[in-house]
Amino acid sequence: LGGSIFIGVFNVKAMLDEHIKNLTQYCAADIFITFNRDYPIDEIIPIAEQIDGITYVEGWKTFTGILETDDQSEQVTIEAPPDNSKLLGPLVQTGRWVKPDEDHTIVVNENFYENFPNLKPGDSIILKIDGRNETFTIVGIFNYTGLSYKRAYVNYATATEITGSWSKTNSFRLVTQNHSLNSILNMEDKVNEVFRDRGYDVNNISSVQVIVNESGEKINLVI
């Protein structure tokens with residue numbers, strides 16, 4: 001009996017460790033900063049890169065869509081990294097990633113199976129964005145740590161067509177020189193101060209390390 005319990009605990013820990021690994025693939029940056037409005041990417045990145053302790057910055061397109069089914073309407077977080085992004089690991093479990101020259105292709109997370117149990121690459125899906133129905137072709141499905149909300153990725157060109165702006169965004173990802181939790185939290189305060197002092201309308205600054213640590217605490221609670 002004792003051996004069976006140990007194996008069961010070990011399997012649960014291994015599964016949750018894999019979820020955290022997937023999370024860090026998605027969250028390769030250390031700090032996420034969002035503004036209440038769009039700013040020019042080539043204006044924000046140099047400011048962030050001048051902050052001591054910041055080594056790399058990317059601007060991402062981030063917006064929301066609504067998935068409407070017969071039963072309910074659900075929000076979908078949609079992101080578009082730069083085509084040459086260094087901050088995104090290999091997430092796709094089924095199918096492939098979106099290509100830069102494609103129009104309205106999309107990669108969705110496993111939570112979409114709740115609505116479409118037989119979902120597969122090649123299927124079409126309609127999301128309402130800013131009151132318009134946008135039809136996407138699914139090319140890949142990824143596992144986003146088993147979380148209960150829907151996420152999706154499109155390429156930068158598709159995001160630009162939908163949002164109407166190529167050179168502006170409100171979402172940026174920053175990599176720090178020191179990846180310890182205390183250092184990252186201190187950098188959050190520094191980044192926040194720099195942009196607020198310059199008059200930028202900061203909405204939120206968050207840390208991937210906090211998310212990972214919280215997941216680790218959940219593992220300990222389960223075990």
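Me: Which residues are exposed on the other side of H4, and what makes a residue count as exposed?
Reply: This is a predicted model, and in it Asn-182, Asn-186, Asp-189, Glu-193 and Asp-197 are exposed on the other side of H4. The label requires a relative accessible area over 50%.

Me: Which residues of H4 are buried, and why can they be put on the same side of the helix?
Reply: The buried residues of H4 are Ser-183, Ile-184, Met-187, Glu-188, Val-191 and Phe-195. They cover an arc of only 145° around the axis, and therefore they lie on the same side of H4.

Me: How do you know that the span of H4 is close to what is expected?
Reply: Helix H4, residues 181–197, has 17 residues and reaches 24 Å from its first C-alpha to its last. The expected span is 1.5 Å times one less than the number of residues, and for H4 that expectation is 24 Å, to which the computed reach is close. After the helix comes Gly-199, with a positive phi near 90°.

Me: Why is the contact between Glu-102 and Arg-96 called a salt bridge?
Reply: The side chains of Glu-102 and Arg-96 meet at 2.5 Å, N to O, and because the cut-off for a nitrogen of Lys or Arg and a carboxyl oxygen of Asp or Glu is 4 Å, the pair qualifies as a salt bridge.

Me: Are these two partners buried or partly exposed?
Reply: Glu-102 has a relative accessibility of 16%, so it counts as buried, the limit being under 20%. Arg-96, at 30%, is partly exposed, because that label covers what falls between the buried limit and the 50% above which a residue is exposed.

Me: Which residues do salt bridges with shared partners join into one network, and how many salt bridges does the structure hold?
Reply: Glu-79, Arg-151 and Arg-173 are joined into one network, and the structure holds seven salt bridges.

Me: How do you know that Glu-79 and Arg-151 are buried?
Reply: Glu-79, found in strand E3, has a relative accessibility of 5% and so counts as buried. Arg-151, which lies in strand E8, has a relative accessible area of 9% and is therefore buried as well, given the limit of under 20%.

Me: What makes E3 and E5 partners of E8?
Reply: Pairing requires at least two bridges. Strand E3 (residues 73–80) and E8 pair in the parallel sense over four bridges, with Val-76 opposite Lys-150. Strand E5 (residues 105–109) is joined to E8 by two bridges and runs antiparallel to it, with Val-108 opposite Ala-152.

Me: Which way do the residues of E8 point?
Reply: Lys-150 and Ala-152 point one way from E8, while Arg-151 and Tyr-153 point the other way, and all are buried.

Me: Which residues of H3 are buried, and what covers them?
Reply: In helix H3, residues 156–163, the buried ones are Tyr-156, Thr-158, Ala-159, Thr-160 and Ile-162. Their cover includes helix H2, strand E2, E3, strand E6 and strand E7.

Note on methods: Residues are numbered from 1 along each chain as its sequence is written. This is a predicted model: local features need pLDDT of at least 70, side-chain atom pairs count only at pLDDT 80 or more; totals for chains, interfaces and linings use all residues. Side-chain values use heavy atoms; hydrogens and water are left out. Buried means under 20% relative accessible area, exposed over 50%, partly exposed in between (1.4 Å probe, protein chains only). Contact means heavy atoms within 4.5 Å. The arc is that of the directions from the helix axis to the C-beta atoms.
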